[in-house]
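Please keep the model open in your viewer and follow the stops below in order, making each selection before reading what is found there.

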Amino acid sequence: MGESIRLKKDEVHSNYGGEDTYDLLIIGAGISGLATGLMWVKNTEGKKTLLLEKNSYPGGYSTAYVREGYVFETTQLFPDIVDILEYLGLEMNLKRYEGDFMRRIVVHGDEVDEYHIPTGPEHFAEYLAKLFPGEADKIRKLIDYAVSMFSQVRKLKVIPTFRDKLITPLKAPKVVANLNRTYASFLDKFGITNPELREVMETFTSFSGVPSARASSILAIGAMLTSMTRCFRPYGFYDEFPAKMALLFQELQGEIRFNAEVEKIIVEDGKAVGVRVKGDDGMIQAQAPSHENACCPSLPAEIRAWALWRHDERDSGCGSSAQPDIQ
Ligand SMILES: Cc1cc2nc3c(=O)[nH]c(=O)nc-3n(C[C@H](O)[C@H](O)[C@H](O)COP(=O)(O)OP(=O)(O)OC[C@H]3O[C@@H](n4cnc5c(N)ncnc54)[C@H](O)[C@@H]3O)c2cc1C
């Protein structure tokens, strides 16, 4: 491969208008920040939205880069994102993985165990039951429960109304019951104590670099089931997805400022009111929303996008986690 390779992410440039007040500020143009931004601009009108990204390109961990004429990709597969692509109107040329779509290699000293993870949760359950016959019942119970819980996740709305929130416990009781459960505790709940079996089942947290004792069970199950249902790789490189998200966000009037590291989130009276970007003199403010449905998209806490805007007490249920200092 020649050095002349041009990655899609290099086609995305800042379109920051330089203003100091926005309706919504999002920190980080990784997949979470881009998804938050796209959902927001698609579901609101006339809102001024700014994505602040410390790197010079979008994508965060989901990216590709060129070194000495070779392209390296940080991502191995896209889970089942087809509905989302259709919803967003993003066109991606995807190649579907068939059969065993993932290998898990576990190294114990000089010994190496290799597991071939098949597509389809029922095949995965049978594969594990064959490898760990003494645990077969627990495995089947866990997978059945996970499939049922995930079908409930799919019924939830990204931006729920007050009524949607009220009926969530009825519509998605398993989701509610496991909302604050880590994936490690989810495995405990089904009595999965065999360390080798746990290691295979933890594939879906370890591939994102998060220990199972810190990963949300719902997020891990989502990663597991969406990738088992249908998973893909692009015909191009993995940076194409965030690059296309960023270009669409800009087309829908969203602004992105690259090389903009947020060093402080400014909080007044318990509310995030703006941010300070490294090297800037002043702060960029987040305006009060006038849109009555403006509320925090219900993204799991592990998804590290920080959406900031003033909101009244009624909306104060939406949390934001932050790496930059909070002043
Ligand atoms: C090795 C590895 C392999 C993976 N493989 C897969 C896979 O095959 N399939 C899959 O679906 N998932 C995979 N994942 C998980 C996936 O990459 C992550 O879940 C996803 O990229 C997280 O996106 P994010 O936007 O939440 O965070 P990030 O990708 O971390 O994005 C955060 C963004 O915020 C920016 N930022 C941070 N702090 C600031 C600041 N103060 N100011 C401004 N900008 C800031 C960062 O530069 C970054 O662009 C993998 C993860 C790892 C580590």
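Select G18 to begin: this glycine is exposed, because 7 other C-beta atoms lie within 10 Å, where 12 or fewer count as exposed, 20 or more as buried and anything in between as partly exposed, with C-beta atoms placed from the backbone. G18 sits in the segment before β1 (21–22), and its C-alpha atom is separated by 9.0 Å from that of R257, 239 residues apart along the chain. The model is a predicted one, in which local features need pLDDT of at least 70, side-chain atom pairs count only at pLDDT 80 or more, and totals for chains, interfaces and linings use all residues. Residues are numbered from 1 along each chain as its sequence is written.

Of its 327 residues, 30% count as buried. Among contacts with a separation of 6 or more, 68% join residues 24 or more positions apart, a contact being two residues whose C-beta atoms, placed from the backbone, lie within 7 Å.

Next, select F237, in the loop between β9 and α11. F237 is buried, since 21 other C-beta atoms lie within 10 Å. Leaving aside residues up to four places away in sequence, F237 touches L7, A64, V71 and E73, and its C-alpha atom is separated by 8.2 Å from that of K8, 229 residues apart along the chain.

Continue to helix α11 (residues 240–251), whose twelve residues should span 16 Å at 1.5 Å a residue, in agreement with end C-alpha atoms that are 16 Å apart; the expected span is 1.5 Å times one less than the number of residues. Colour its buried residues, which are E240, F241, P242, A243, K244, M245, A246 and F249, and then show what covers them, including α1 (31–43), β3 (49–52), β9 (232–234) and β10 (255–257). After α11 comes Q253, with a positive phi near 80°.

Now display α3 (residues 121–131) with α4 (residues 136–153), which pack at an angle of about 165° with their axes 9 Å apart; axes are lines fitted to C-alpha atoms, for helices over the stretch in contact, and angles run from 0 to 180 degrees between N-to-C directions. That angle makes α3 roughly antiparallel to α4, the term for angles over 145 degrees, whereas those under 35 are roughly parallel, 65 to 115 roughly perpendicular and the rest oblique. P121, F124, A125, L128 and A129 of α3 make the contact with A136, I139, R140, I143 and V147 of α4.

The axes of α4 and α10 are 10 Å apart and the angle is about 100°, so the two helices are roughly perpendicular to each other. Here A146, V147, M149, F150 and V153 in α4 meet I218, I221, G222 and L225 in α10.

Is F207 buried, partly exposed or exposed? With 15 other C-beta atoms within 10 Å, F207 is partly exposed. Finish by selecting R104, which is 103 residues from F207 in sequence and 9.4 Å from it in space, C-alpha to C-alpha.

How values were computed
Helix = DSSP H or I, 4+ residues; strand = E, 2+ residues; numbered from the N terminus.
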